[in-house]
Amino acid sequence: MIQKLLTYVELRKVKRRRKYFNIPFPVNENRQVYLALSWLFLAVKKNSSKKSLSEKFVEEILKVIRLKNSVAINEKVKMIEAANANISNAHFRWKFLIIL
(Lines give C-alpha, C1' and ligand atoms only; values in the text may rest on other atoms or scores of the structure.)
Protein backbone atom coordinates (compact mmCIF):
# COMPACT_ATOMS: atom_id res chain seq x y z
CA MET A 1 0.00 0.00 0.00
CA ILE A 2 2.67 2.49 0.95
CA GLN A 3 4.59 1.73 -2.27
CA LYS A 4 1.92 3.67 -4.17
CA LEU A 5 2.85 6.80 -2.20
CA LEU A 6 6.64 6.56 -2.38
CA THR A 7 8.39 9.27 -4.36
CA TYR A 8 11.93 9.28 -5.64
CA VAL A 9 12.57 13.02 -5.85
CA GLU A 10 11.86 16.04 -3.71
CA LEU A 11 12.56 19.75 -3.98
CA ARG A 12 15.07 21.49 -1.77
CA LYS A 13 15.95 25.15 -1.66
CA VAL A 14 19.57 25.95 -2.47
CA LYS A 15 21.03 29.44 -2.31
CA ARG A 16 23.19 30.51 -5.23
CA ARG A 17 24.22 34.06 -6.09
CA ARG A 18 21.84 35.67 -3.56
CA LYS A 19 18.88 33.73 -4.93
CA TYR A 20 17.09 30.62 -3.76
CA PHE A 21 16.43 27.88 -6.31
CA ASN A 22 14.20 24.83 -5.96
CA ILE A 23 16.31 21.88 -7.01
CA PRO A 24 15.13 18.27 -7.38
CA PHE A 25 17.08 15.85 -5.20
CA PRO A 26 16.90 12.06 -4.97
CA VAL A 27 15.25 10.74 -1.82
CA ASN A 28 16.56 7.85 0.29
CA GLU A 29 14.27 5.08 1.54
CA ASN A 30 13.71 6.47 5.04
CA ARG A 31 12.75 9.86 3.66
CA GLN A 32 10.39 8.23 1.15
CA VAL A 33 8.50 6.48 3.93
CA TYR A 34 8.42 9.65 6.01
CA LEU A 35 6.97 11.68 3.14
CA ALA A 36 4.36 9.02 2.36
CA LEU A 37 3.19 8.88 5.97
CA SER A 38 3.16 12.65 6.33
CA TRP A 39 0.98 12.91 3.20
CA LEU A 40 -1.39 10.31 4.67
CA PHE A 41 -1.71 12.23 7.94
CA LEU A 42 -2.14 15.50 6.05
CA ALA A 43 -5.00 13.93 4.09
CA VAL A 44 -6.64 12.77 7.31
CA LYS A 45 -6.33 16.26 8.81
CA LYS A 46 -7.85 17.87 5.70
CA ASN A 47 -10.87 15.55 5.87
CA SER A 48 -13.57 17.62 7.56
CA SER A 49 -16.18 14.91 7.94
CA LYS A 50 -17.51 14.13 11.41
CA LYS A 51 -15.96 10.68 11.61
CA SER A 52 -13.44 9.42 14.10
CA LEU A 53 -9.76 9.74 13.30
CA SER A 54 -9.38 6.00 12.73
CA GLU A 55 -12.31 5.94 10.28
CA LYS A 56 -10.80 8.84 8.33
CA PHE A 57 -7.45 7.06 8.24
CA VAL A 58 -8.99 3.83 6.96
CA GLU A 59 -10.96 5.77 4.36
CA GLU A 60 -7.81 7.47 3.08
CA ILE A 61 -5.89 4.20 2.93
CA LEU A 62 -8.69 2.64 0.89
CA LYS A 63 -8.62 5.60 -1.49
CA VAL A 64 -4.88 5.14 -1.95
CA ILE A 65 -5.27 1.42 -2.61
CA ARG A 66 -8.03 2.06 -5.16
CA LEU A 67 -6.16 5.08 -6.61
CA LYS A 68 -9.32 7.20 -6.36
CA ASN A 69 -8.96 10.97 -5.79
CA SER A 70 -6.86 10.67 -2.67
CA VAL A 71 -5.36 13.80 -1.12
CA ALA A 72 -2.16 11.89 -0.38
CA ILE A 73 -1.72 10.84 -4.01
CA ASN A 74 -2.42 14.40 -5.13
CA GLU A 75 0.41 15.62 -2.87
CA LYS A 76 2.77 13.08 -4.43
CA VAL A 77 1.77 14.17 -7.93
CA LYS A 78 2.31 17.84 -7.01
CA MET A 79 5.81 17.02 -5.75
CA ILE A 80 6.73 15.16 -8.95
CA GLU A 81 5.30 17.90 -11.20
CA ALA A 82 7.24 20.56 -9.30
CA ALA A 83 10.44 18.51 -9.61
CA ASN A 84 9.88 18.14 -13.35
CA ALA A 85 9.21 21.86 -13.68
CA ASN A 86 12.44 22.73 -11.85
CA ILE A 87 14.71 20.18 -13.47
CA SER A 88 16.38 23.03 -15.36
CA ASN A 89 17.83 24.18 -12.02
CA ALA A 90 19.55 20.84 -11.47
CA HIS A 91 22.83 22.18 -12.87
CA PHE A 92 23.34 23.89 -9.51
CA ARG A 93 23.73 20.39 -8.06
CA TRP A 94 24.73 18.48 -11.16
CA LYS A 95 26.15 15.47 -9.33
CA PHE A 96 22.72 14.72 -7.84
CA LEU A 97 20.90 14.91 -11.17
CA ILE A 98 18.71 11.95 -11.99
CA ILE A 99 16.48 11.48 -14.99
CA LEU A 100 12.81 11.65 -14.07
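**Exercise 1. Classify Phe57 as buried, partly exposed or exposed.**

Solution. Start with the cut-offs: buried means under 20% relative accessible area, exposed over 50%, and partly exposed in between (1.4 Å probe, protein chains only). Phe57 has a relative accessible area of 26%, so Phe57 is partly exposed.

This is a predicted model: local features need pLDDT of at least 70, side-chain atom pairs count only at pLDDT 80 or more, and totals for chains, interfaces and linings use all residues. Residues are numbered from 1 along each chain as its sequence is written, and side-chain values use heavy atoms, with hydrogens and water left out.

**Exercise 2. Find the aromatic pairs and state their geometry.**

Solution. Take the rule before the count. Rings of Phe, Tyr and Trp (its six-membered ring) pair if their centres lie within 6.5 Å; planes under 30 degrees apart count as stacked, over 60 as edge-to-face and the rest as tilted. By this rule there is one aromatic pair. The ring centres of Phe41 and Phe57 are 5.6 Å apart and their planes are at 20 degrees, so the pair is stacked. Phe41 belongs to helix 1 and Phe57 to helix 2, so the pair ties together parts that are 16 residues apart in sequence. Helices here are DSSP runs (H or I, at least four residues), numbered from the N terminus. As for Phe41, its relative accessibility is 46%, so Phe41 counts as partly exposed.

**Exercise 3. Check the length of helix 2 and locate its buried side.**

Solution. First, the length. The expected span of a helix is 1.5 Å times one less than its number of residues. For the 14 residues of helix 2 that should give 20 Å, and the end C-alpha atoms are 20 Å apart, which agrees.

Next, the buried side. Lys56, Glu60, Ile61 and Val64 are buried in helix 2. They cover an arc of only 135 degrees around the axis, which puts them on the same side of helix 2. The arc is that of the directions from the helix axis to the C-beta atoms. The buried residues of helix 2 pack against helix 1 (29-46) and helix 3 (71-85). Contact means heavy atoms within 4.5 Å. The face turned away from the buried side carries the exposed residues Ser54 and Arg66.

Leu67 follows helix 2, and its phi is positive, near 55 degrees.

**Exercise 4. Describe the surroundings of Lys56.**

Solution. Lys56 sits in helix 2 (residues 53-66). Lys56 is buried yet has no salt bridge. A salt bridge is a side-chain nitrogen of Lys or Arg within 4 Å of a carboxyl oxygen of Asp or Glu. The nearest side chain of opposite charge, Glu59, is 8.7 Å away. Lys and Arg count as positive and Asp and Glu as negative; His and the chain ends are not counted. Leaving out residues up to four places away in sequence, Lys56 touches Val44, Asn47, Ser49 and Lys51.

Technical notes
Helices (H or I, at least four residues) and strands (E, at least two) are DSSP runs, numbered from the N terminus.
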